[in-house]
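Please consult the sequence and the structure below while reading.

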Amino acid sequence: MAEYVINGGRRLNGCIEIQGAKNSALPILAAAVLCREEVILHNCPIISDTDTCIKILRYLGCSVYRDGHTVSVDSRNMYRYDIPAELMREMRSSIVFMGAILGRMKKAEVSLPGGCELGPRPIDLHISSLARMGAEFEEGHGTISCSTEKGIHSSEINLAFPSVGATENIILAAVCSDSTVTVTNAAKEPEICDLAEFLNKCGARITGAGEGTLYIEGVKSLSGTQHIIIPDRIAAVTYMSALSVCGGRLLLKGISPLCLRGTANAFEQSGMLADYDKEGLHISADGVPERVRLVRTMPYPGFPTDAQAPVMAMSCFARGTSVFVENIFESRYRHVSELCRMGANIYVQGKVAVVEGSRDISGATVEAKDLRGGAALVVAGLGAGGRTVVKNINYIERGYEALEENLGNVGADIIKM
Ligand code: EPZ
């Protein structure tokens with residue numbers, strides 16, 4: 001298993017190009033199976049999760065070519081409607097292929113998805129929503145089969161929780177149909193808006209994306225298009241957290257103020273200076289962050305749960321005590337034990353984590369246990385004195401493109417072994 005070896009305490013200075021958003025690229029790659037002409041996606045991040053998506057698309061019979069950050073998909077010759085368990089297990093978002101395949105083939109066969117262990121990751125909202133739209137389900141031996149022999153019918157769906165994945169699956173199942181589907185309490189994340197914009201460019205009729213109530217008026221078929229994936233707001237937050245604990249100045253290119261909705265206040269509290277211009281986001285920090293009083297993770301536009309771990313790593317070095325409340329996932333503090341191994345003072349009680357900042361964080365050998373928790377360990381290693389080894393970086397490489405190169409290019413002492 002590969003690992004990062006970090007010698008902390010180096011200031012960061014320079015420019016980082018922010019990658020395309022993992023959580024936008026994945027549903028849009030799945031959506032490509034609905035298009036009757038070639039789609040060309042730009043700014044698609046080179047990470048293992050997009051590699052997995054490409055493997056699934058090729059298994060289904062699509063032609064897929066990747067040239068750097070550009071991926072073209074031609075699904076005209078798609079002939080399969082099932083995804084083998086070993087591919088489904090590689091990532092959580094494989095579940096959105098269910099809606100896309102159902103929309104294209106009128107049937108789909110998938111198994112329960114894999115992905116980061118953040119507590120139980122049920123798909124009850126996915127299934128109940130598609131069932132309400134007319135899909136018939138059979139489950140057994142870890143496999144879910146669904147079909148819409150009678151087609152998707154018009155329905156109004158109220159999501160008990162604004163689930164990102166369930167919202168995506170509803171869109172993908174309904175977009176090519178003879179019906180109109182309304183979704184209330186829909187997820188409002190920027191990645192939902194990016195998926196809707198991509199599909200509308202292909203001829204879909206989706207309105208209300210990002211506003212909480214979605215209207216999907218089904219169309220007969222979708223054309224192809226070219227599309228640029230939005231920047232990855234969580235990657236941006238991760239680099240910002242790294243600068244906070246290292247000190248220095250960075251230009252984060254390719255991001256907009258929208259990327260920081262929900263997290264800007266936390267970085268203001270930390271004392272980071274930030275300024276946008278046409279080049280991107282200019283940020284500077286002195287390397288000793290102020291505490292972040294209270295972080296409560298919420299659906300967008302609240303503080304994103306994916307930012308909790310990197311910002312917690314930052315708060316380990318802060319002046320004062322920061323409090324975190326993780327409201328989205330049941331088990332998203334698996335990085336805490338590893339941060340404590342480095343000398344962090346963190347106390348967890350249920351959803352609440354209390355972090356007493358300290359200047360005595362020192363390097364150690366730690367293990368990534370999920371994607372964002374692993375990134376948090378890299379942030380802590382950059383700020384800590386001495387040498388940190390982060391093991392199991394396969395988790396991190398699922399979602400971060402060229403993390404060690406980007407950090408090394410701006411002064412960090414980090415190598416991949
Ligand atoms: C997406 O996961 C993201 N993944 C996650 O990012 C992100 O943390 C999450 O949305 C919340 O923003 C991708 O987009 C690939 P949810 P998803 O459905 O769709 C419960 C990362 O690090 N729930 O919004 O799986 C669920 O248990 C990843 O990039 C149900 O109860 O998230 C959780 O508590 C991690 N039943 C909450 O809703 C369901 O049917 C949020 O889940 C579905 C979800």
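A polar side-chain atom of arginine 372 lies 2.9 Å from an oxygen atom of the ligand. The table lists this pair with two others of its kind, each a polar contact (a pair of N or O atoms within 3.5 Å).

| Side chain | Ligand atom | Distance |
|---|---|---|
| arginine 372 | oxygen | 2.9 Å |
| asparagine 23 | oxygen | 3.0 Å |
| arginine 332 | oxygen | 3.3 Å |

Taken alone, the ligand exposes 820 Å², of which the protein buries 89% (accessible areas by the Shrake-Rupley method with a 1.4 Å probe). H5 provides the largest share, three residues.

The model is predicted: local features need pLDDT of at least 70 and side-chain atom pairs pLDDT 80 or more, whereas totals for chains, interfaces and linings use all residues. Residues are numbered from 1 along each chain as its sequence is written, and side-chain values use heavy atoms, without hydrogens and water.

Asparagine 406 belongs to helix H14 (residues 403-409). Is this residue buried or exposed? Asparagine 406 counts as buried because its relative accessibility is 17%, and buried means under 20% relative accessible area (1.4 Å probe, protein chains only). Its side chain makes a polar contact of 2.9 Å with the side chain of tyrosine 239; within protein, one atom must be able to donate a hydrogen and the other to accept it, and residues adjacent in sequence count only if both atoms are side-chain atoms.

Key:
Helix = DSSP H or I, 4+ residues; strand = E, 2+ residues; numbered from the N terminus. Buried < 20%, exposed > 50% of the residue type's maximum accessible area, 1.4 Å probe, protein only.
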